[in-house]
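Thanks for coming. Please have the sequence and the model open while I talk.

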Amino acid sequence: MSEINYPVPYNESERLLRLSDLDIDYGSLSESFKDLTHLAAKVAGTEISLVNLIDAYTQWTVGRHGLDLQQMTREESVCQYTITQNDQFEVPDLSADDRFNKNFYVGAPLSLRYYFGVPLKDNDGLNIGALCVLDTGLKTLSPEKIELLKIIAAEIMNRIKTYQTMELLQNNLKDIKESTKKVAHDIRGPIAGIIGLSEIITEEGKSANLDQVIEFIKLIHSGSKSILDLADEILSDNDEVKAPGVNEFDLSSFRTKLQELYEPQATYKKINLKININPDKKNIVFSKNKLLQINGNLISNAVKFTPSGGTITVDLDVLVKPETNILRIVVADNGVGIREDEIVQILTGGIGTKQGTGGEKGYGFGLSLVKHLIDKLKGEMFITSEKGQGTVFRIELPQRHS
């Protein structure tokens, strides 16, 4: 059987940059899309509906109905094909498709067969992920149902942008006391799309004779209400910022978040992931900005290029300086290593595609993205490696005093 050529969107660099701009904590959105995934499954008549975001290495399931799934490797996902499409992607029978029939979700106990996905597209046409529906039986979706799924996908993107707007505003609470009207407009503007969605779905549902869909419209209103309540809380709390706040970590909380997100990847490949912190500095607060994107890509890269039975060690520390503290992140593995010319390529912004230790496809953009983000934060990255012995990434990021 010929080797599968995994798809990569033509605009992959721009797509990953846009996803990194959203700076999403992939473990924090599980409750945000419960109403919409429930609605998508009901519209499609399927057992399962998922909201998946896809970074350089991993498919993150940030919304789910009917299947308790948090993440999988990008190589295993069907949605990696959906994000290369402008409109939709369908697999009538996963078990009859050589691209997917060896993956865990096709075999027992899940035994999934049908897949239909819609890209999650931003305003510039960049697909950061997909809304998908799946079933153990074979299905056929009518054009009306497909249109409703696309409306739901647009609402998911609207909600993601709304949460990002609120997070950006929380980052700048100290500077916006004189801009309350603008704040209210920035937050409530995107929410108009949420309110309007229920009206659109009601009309579409009636015209398609989908009476069973209408009962779920109240879920959309419930989601809208919770976002409005959060917006009002932000607006009424602009005189006090607690530390560590919603947009901050200390070393202890940073370690906990990394364990939550990345221990499953290491465990899946039988790799020992150790995350250490300096206990004397564990309560020093620093900005969350892009830290999960930077550290996550480094850990996922280490998992990909470290063989089963290997070890990855992450050391986190804060160097206290008079003017600016330095957050130091060291990610070390005993994997396949990196050649000197490849190190130069990474540090100068370009790296080609490589294979992982288990034949996993290296998409080639993760480390370039890390370098880009570190440069934007005015930090530094150092790489030392020996072929066959492993690699050490050392990151130093300046942090303003709280």
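I will go through some salt bridges, and then the nonpolar cores.

First, the ground rules. This is a predicted model, in which local features need pLDDT of at least 70 and side-chain atom pairs count only at pLDDT 80 or more, while totals for chains, interfaces and linings use all residues. Residues are numbered from 1 along each chain as its sequence is written, and side-chain values use heavy atoms, with hydrogens and water left out.

Now the salt bridges. I count one when a side-chain nitrogen of Lys or Arg lies within 4 Å of a carboxyl oxygen of Asp or Glu. By that rule there are 17 salt bridges.

Take Asp35 and Arg159. Their side chains form a salt bridge, with 2.9 Å from N to O. Asp35 sits in helix H2 (residues 34–44) and Arg159 in helix H4 (residues 143–171), so to speak of sequence, they are 124 residues apart. Helices here are DSSP runs of H or I with at least four residues, strands are runs of E with at least two, and both are numbered from the N terminus. Are these two residues buried or exposed? Both Asp35 and Arg159 are buried, where buried means under 20% relative accessible area, exposed means over 50%, and partly exposed is in between, using a 1.4 Å probe and protein chains only.

Helix H4 comes up again with Lys150, which pairs with Asp87. The closest N and O atoms of that salt bridge are 2.9 Å apart. Asp87 is in the loop between helix H3 (79–82) and strand S4 (89–91), 63 residues from Lys150. Asp87 is partly exposed, at 39% relative accessibility.

Lys371 is buried at 15%, whereas Asp375 is partly exposed at 41%. Elsewhere, shared partners join the salt bridges of Glu12, Arg15 and Arg74 into one network.

On to the cores. A nonpolar core is a set of buried Ala, Val, Leu, Ile, Met, Phe, Trp, Tyr and Cys residues joined through side-chain atoms within 4.5 Å. The largest has 74 residues, and those with the most contacts inside it include Leu120, Leu149 and Phe254. Which helix gives the largest share of this core? That is H4, with nine residues.

Leaving aside residues up to four places away in sequence, Leu149 touches Ala40, Phe116 and Leu141, among others; contact means heavy atoms within 4.5 Å. A second, separate core has 21 residues, including Tyr81 and Ala130.
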